[in-house]
Amino acid sequence: MKTDIHPDYHEITVIMTDGTQFTTRSCYGKPGDTLRLDIDPKSHPAWTGQQRMIDTGGQVAKFNKKFAGIGMRKK
């Protein structure tokens, strides 16, 4: 293996949406950093089977505001 070509692989803490946390190894951030998940297997519709609107940072509201008039006929 070549030296100095691989990223730093270290331990980080991952915090799930329900507050549970675990430690894993990753290339994310710096050693000891925390990764907070917005979506995880406990809240994602693919695993829960429940469809719901997940709005992170007002993206859905921004979309609705931008495209509110499309499809409306103007008189």
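Predicted model: local features only at pLDDT ≥ 70, side-chain atom pairs only at ≥ 80, totals over all residues.
Two strands count as paired here if DSSP finds at least two bridges between them. Strands themselves are DSSP runs of E with at least two residues, helices are runs of H or I with at least four residues, and both are numbered from the N terminus.

Residues are numbered from 1 along each chain as its sequence is written, and side-chain values use heavy atoms, with hydrogens and water left out.

Let's step back to the whole chain. The protein has 2 helices and 3 strands, and read from the N terminus the order is β-β-β-α-α. Of its 75 residues, 12% count as buried, where buried means under 20% relative accessible area, exposed means over 50%, and partly exposed lies in between (1.4 Å probe, protein chains only). The protein exposes about 6,800 Å², and carbon and sulfur atoms supply 53% of that area; the areas come from the Shrake-Rupley method with a 1.4 Å probe, and for residues only the protein chains shown count as cover. Contacts, meaning heavy atoms within 4.5 Å, tell another part of the story: among those with a separation of 6 or more, 6% link residues 24 or more positions apart.

Now back to the strands. Between β1 and β2 there are 5 residues, and in this turn Gly19 has a positive phi of about 100 degrees.

Put together, the strands make an open sheet of 3 strands in the order β2-β1-β3, with mixed pairing. β2 and β3 stand at the edges with a single partner strand each, so one side of each is left without a neighbour in the sheet. From one strand to the next, the twist averages 35 degrees, with axes taken as lines fitted to C-alpha atoms (for helices over the stretch in contact) and angles running from 0 to 180 degrees between N-to-C directions.

The bridge pair His10 and Ser26 deserves a visit of its own. His10, in strand β1, is buried with a relative accessible area of 5%. Leaving aside neighbours within four places in sequence, His10 is in contact with residues including Thr24, Arg25, Cys27, Tyr28 and Pro31. A polar atom of the His10 side chain lies 3.3 Å from the backbone oxygen of Gly29.

Ser26, in strand β2, counts as buried too, at 18% relative accessibility. A polar atom of the Ser26 side chain lies 2.9 Å from the backbone nitrogen of Tyr28. Not counting residues up to four places away in sequence, Ser26 touches Asp8, Tyr9, His10 and Ile12.

Conventions:
Polar contact = N/O pair within 3.5 Å; in protein donor to acceptor, adjacent residues only side chain to side chain.
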